[in-house]
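Please keep the sequence and the model in view while reading.

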Amino acid sequence: MIKIVTDSFSASNRQDLENLDLNFLLATCNLDGKTLPDSFDFKNDILNIQQSYSTSPSATEYYNMFSKILADGDEILCITASSHICSAYSNATMAAKAAGAIYFGNTEGKERIYVLNSNSVAGGQLLALIKAKQLIETGFELKSVASELETFCGKIKTFFTTAKSDNPIFDKRIHRRDHFSPSPILGKRSCFTMENGCIRYLGTIKYGYTEVKKISEEFDNPSQIVINFSDDLNYIDSVCEYLNNFFPHANIIKRKIPLSLLLHLRNETLGISAAE
């Protein structure tokens with residue numbers, strides 16, 4: 001049997017853990033020197049702390065989980081957040097090598113672990129997890145699941161907007177083709193996309209329906225859409241209504257953004273991911 005392993009950067013909730021049968025590792029959040037496990041349950045004023053950051057699950061945590069699953073006689077599909085924005089992929093790869101049963105497409109007889117760099121985060125990563133579960137349920141073997149997922153991840157599009165992005169750690173992870181200022185512009189929000197696993201700044205965009213309409217135009221005919229949002233985004237219901245009308249045949253999934261991501265994105269964040 002193939003077991004799926006992932007991290008909390010996927011913004012998966014308890015329902016996802018049960019429905020997708022996920023083995024889940026939490027990121028770690030550091031707030032002014034205090035270390036906390038990743039969570040959806042927090043007060044938004046915590047984001048105003050300046051000395052804050054999040055870290056991926058360690059190689060040791062991945063190794064311990066991999067070893068347990070292998071000992072039960074199962075195979076492993078590990079789907080991580082983009083390697084360009086966190087160390088989850090490198091940590092998982094290191095752990096898989098240490099476990100001694102890794103598959104990267106060039107070994108024979110040991111294909112019991114596959115570590116997939118989703119080249120995404122949050123909604124995009126969740127879409128990869130949903131697709132993986134579907135492939136596994138159809139009876140695909142590990143190599144075939146891995147091959148199909150590599151192709152699928154290349155088709156996922158993710159866009160997100162924030163009121164402002166003033167976190168220096170987040171700023172370092174932005175692949176910028178244009179200069180931008182983190183200072184907020186009245187009536188507008190900073191818009192970004194995931195491109196080859198990197199975060200790219202697109203410019204400012206008007207909030208509300210204009211914002212959602214602009215992002216929606218980037219998708220063709222998605223079968224799945226994931227909306228990620230922070231608690232303080234006061235027009236999430238309007239976002240869902242608009243997307244339902246714009247893409248009536250798409251399955252739309254709403255997920256809150258966990259603390260590990262909001263420490264970098266800050267307040268009033270909206271993300272939309274879709275798979276064609």
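Contact here means heavy atoms within 4.5 Å. This is a predicted model, in which local features need pLDDT of at least 70 and side-chain atom pairs count only at pLDDT 80 or more, while totals for chains, interfaces and linings use all residues. Residues are numbered from 1 along each chain as its sequence is written, and side-chain values use heavy atoms, with hydrogens and water left out.

Consider Leu-243, which lies in helix H8 (residues 236–246); helices (H or I, at least four residues) and strands (E, at least two) are DSSP runs, numbered from the N terminus. Leu-243 has a relative accessible area of 0% and therefore counts as buried, a term that means under 20% relative accessible area, with exposed meaning over 50% and partly exposed in between (1.4 Å probe, protein chains only). Apart from neighbours within four places in sequence, Leu-243 is in contact with Val-212, Ser-216, Ile-225, Ile-227, Ile-252 and Ile-272. Of these, Ser-216 is 27 residues from Leu-243 in sequence, yet their C-alpha atoms are 7.5 Å apart.

The wider interior can be described through nonpolar cores, that is, sets of buried Ala, Val, Leu, Ile, Met, Phe, Trp, Tyr and Cys residues joined through side-chain atoms within 4.5 Å. The largest has 39 residues, and those with the most contacts inside it are Val-5, Tyr-62, Phe-66, Ile-76, Cys-78 and Val-121. Among the elements that each supply at least two residues of this core are helix H2 (59–71), strand E6 (75–80) and helix H3 (88–99). A second, separate core of 26 residues includes Ile-4, Ala-128, Ile-130 and Ile-253.

Where do the buried residues of H2 lie around its axis? They are Ala-59, Tyr-62, Met-65, Phe-66, Ile-69 and Leu-70. The buried residues of H2 pack against strand E1 (2–7), strand E2 (22–25), E6, H3 and E7. Just after H2, Gly-73 takes a positive phi of about 90°.

The axes of helix H4 (residues 123–137) and helix H5 (residues 142–153) come within 10 Å and cross at roughly 150°, where axes are lines fitted to C-alpha atoms, for helices over the stretch in contact, and angles run from 0 to 180 degrees between N-to-C directions. Residues of H4 including Leu-127, Ala-128 and Leu-135 belong to the set that meets Val-145, Glu-148, Leu-149, Phe-152 and Cys-153 in H5.
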